[in-house]
Amino acid sequence: MRVDELLRHGDTVVVGVVETFGATVIVVGALWAALRFVVEGLRHRSAAVFTPIRLSLGRFLTLGLEFQLAADILRTAVSPTFAQLGQLAAIAAIRTALNVVLRREIAQEQRQVTADAGSGGRPHPDPQPTPTGAAGGGSPG
């Protein structure tokens, strides 16, 4: 086996491991959040108990997306073509945008949890849910 073939095969294995790890982080986070959602939903009838669950899920999603982006970068690292570079740029832009939105949502939710804790657990006067996702979600800058 030639060195370039060995590198290409090793790169494929490493990319597979990193992709699998990223997917595992996302699946574990989603299952954990779903379980907590059911348990907390049965115990409490307040929507405020779900904010920490959303925060945790957002962190899992952010971490998983980072691993997926790392796998895409590794895949393109060995003898990339222009088509692969273009695909990587598009994937990186989409995943980076998702991460920015998720981080913004996490920060906003964290501020809400901190404010709720400071007010002795009393809900805010305006307990409107915040929209999630890229369409109209998050707080400005």
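The legends below describe several views of a predicted model.

View 1. The chain holds three helices and zero strands, where helices (H or I, at least four residues) and strands (E, at least two) are DSSP runs numbered from the N terminus. Read from the N terminus, the elements follow the order α-α-α. Of the 141 residues in the chain, 26% are buried, that is, under 20% relative accessible area with a 1.4 Å probe and protein chains only.

**View 2. Contacts along the chain.** Among contacts (heavy atoms within 4.5 Å) with a separation of 6 or more, 74% join residues 24 or more positions apart.

**View 3. Helix 2 against helix 3.** The axes of helix 2 (residues 51–77) and helix 3 (residues 82–118) come within 9 Å and cross at roughly 160°, the axes being lines fitted to C-alpha atoms over the stretch in contact, with angles from 0 to 180 degrees between N-to-C directions. Helix 2 is therefore roughly antiparallel to helix 3, a term for angles over 145 degrees. The residues of this contact divide into 13 nonpolar, ten polar and eight charged, with Asp, Glu, Lys and Arg as charged, Ala, Val, Leu, Ile, Met, Phe, Trp, Tyr, Cys and Pro as nonpolar, and the others, Gly among them, as polar.

**View 4. The surroundings of Ser56.** Ser56 lies in helix 2 and is buried, with a relative accessible area of 16%. Leaving aside residues up to four places away in sequence, Ser56 touches Trp32 and Arg36.

Residues are numbered from 1 along each chain as its sequence is written, and side-chain values use heavy atoms, with hydrogens and water left out. Local features need pLDDT of at least 70 and side-chain atom pairs count only at pLDDT 80 or more, while totals for chains, interfaces and linings use all residues.

How values were computed
Buried < 20%, exposed > 50% of the residue type's maximum accessible area, 1.4 Å probe, protein only. Parallel < 35°, antiparallel > 145°, perpendicular 65-115°, else oblique.
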